[in-house]
Amino acid sequence: MSKKEIISALVDKYQDDVVCINDTVWGYAEAGMKEYKTAKFYEEFFVEKGFRVESGVADMPTAFVASWGEGHPIVGFLGEFDALPTLSQEAACAVKIPVVEGAYGHGCGHNSLGAGAAGAALAFRDYLEQNRMQGTVRFYGCPGEEYGSGKIYMARAGLYDDLDVCLTWHPGSENKVTTSSSLANISVMFEFHGVSAHAAGNPHLGRSALDACELMNVGVNYLREHIIPEARVHYAYKNAGGIAPNVVHDHAVIHYFIRAPKMSQAQEIYERVKDIAEGAAKMTGTTHEVHLKEAIYDYNPNRTLEKVMQEAFEEIGAPAFDEADFELARKFRATYTKGDLDSVQSGLVRNGYPADAIGPDEVLHTRVLPYVPIDRAMPGSTDVGDASYCAPTAQCSVATEALGTPGHSWQITAQSCSPLASKGAVVAAKVMALTAAMAIEQPELLEKAKAELVRTTGGKYVSAMPPEIMPNIE
Ligand SMILES: [Zn+2]
């Protein structure tokens, strides 16, 4: 039997478990950092499968590490499992019907993400055992990808430091190895304190915190022309000081996201934004505090490791969807806008894939995209970034939904509990387990992957979160 056949057979043994996790966690649909039922379910599952489980790691009650074996090589599989607000939706149903109006739903497919990663960890464990090979398998239960960014605290606690290989995936509409980086993101709030006064009677006695926010924002808007064009600075008024025009507002809060291709670039802009806040406080006679909420590293692709994943993916192949799957996918596509459907082709072209790699009328992706090392950041951020600065990391996307499915949508919630997601999660488990099996048999490749990590990161990960800032589990 080839390695691919051995791994496939091992994952198939766990197919029922993967589907059970997928559907159970889908049903829990818990908010980021509050995945209590989900984490308990996973922890019991891994104990039953013979793993050691350390729960509540890195000061987060829903973060855990399940491990098996000892010594190097150490392979980690990252699992996410949080849901999104307002995206509750009936399973496999192409008409928008929430299970509970306004409730959370798995609109980013993280139920499948964790299920596939768990299947990979189990199969890879069996592979080591079968071949009497030394090594450690870890499944990382990573809470709050959407809210709270658990991995940044797990990285800060050093939990990924000794990994030789770190693997994960994300459910999507295409089969491909993810080669683009993502944007670093600093989330920070500026809170201004002034003095309230009658705005007509005693305005000279008042000091307006709202004015400070507005002046700060003017400053930041002027700053935008003088930062690298790839950077993004977004803002929201979290507290505009009240609704009464005749009161000088003594308290106001403005929230910024500062994104850039590299954390060092985001940090440089952050320093300038802090200077602007100080200037705004001086101009208005107010005081201010800076509340750093989150700082997420950019994703650092590891070309050495992702090429192995590409080879594994091509061997395993895309999910084998049947006619019923195509029928279901067609129903979902009927709910998408032209812009959603067109985004498949425009995305291919933008990222340097052959334009005809996916036809405009294809319903489900049934092949694996060729390897294209994309040399820029996708316009979003993920806390996989921090893990990718600690250990050589590779990730892929596996088709679990119709082509053209919009991100963070009720259509994703629906398809994440359907045969599409189950089949995709099983394929993801196979791709990751085979990548691990192929990688650990080549010590020189592991060395090369590590050398690439050192070269691209400077060799030392320093969390952008100061040690006194604790995870936001509220
Ligand atoms: Zn996601």
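Proline 73 sits in the loop between β2 (64-70) and β3 (74-80). This is a predicted model. A cis peptide bond links proline 73 to histidine 72. Most peptide bonds are trans, and most residues other than glycine have a negative phi.

**Cis peptide bond**
- The bond between histidine 72 and proline 73 has an omega of about -5°.
- The loop that holds proline 73 runs between β2 and β3.

- Aspartate 59 is not a glycine, yet its phi is positive, at about 60°.
- Aspartate 59 lies in the loop between β1 (52-55) and β2.
- Aspartate 59 has 13 other C-beta atoms within 10 Å, so it is partly exposed; the exposed class takes 12 or fewer, and the buried class 20 or more.
- Threonine 86 also has a positive phi, near 65°, and is a residue other than glycine.
- Threonine 86 is found in the loop between β3 and α4 (110-130).
- Threonine 86 counts as partly exposed because it has 14 C-beta neighbours inside 10 Å.

**Helix α13**
- Helix α13 covers residues 419-440, which is 22 residues.
- At 1.5 Å a residue, α13 should span 32 Å; the expected span uses one less than the number of residues.
- Helix α13 is mostly covered, with 20 of its 22 residues buried.

Note on methods:
Residues numbered from 1 in each chain as written. Predicted model: local features only at pLDDT ≥ 70, side-chain atom pairs only at ≥ 80, totals over all residues. Helix = DSSP H or I, 4+ residues; strand = E, 2+ residues; numbered from the N terminus.
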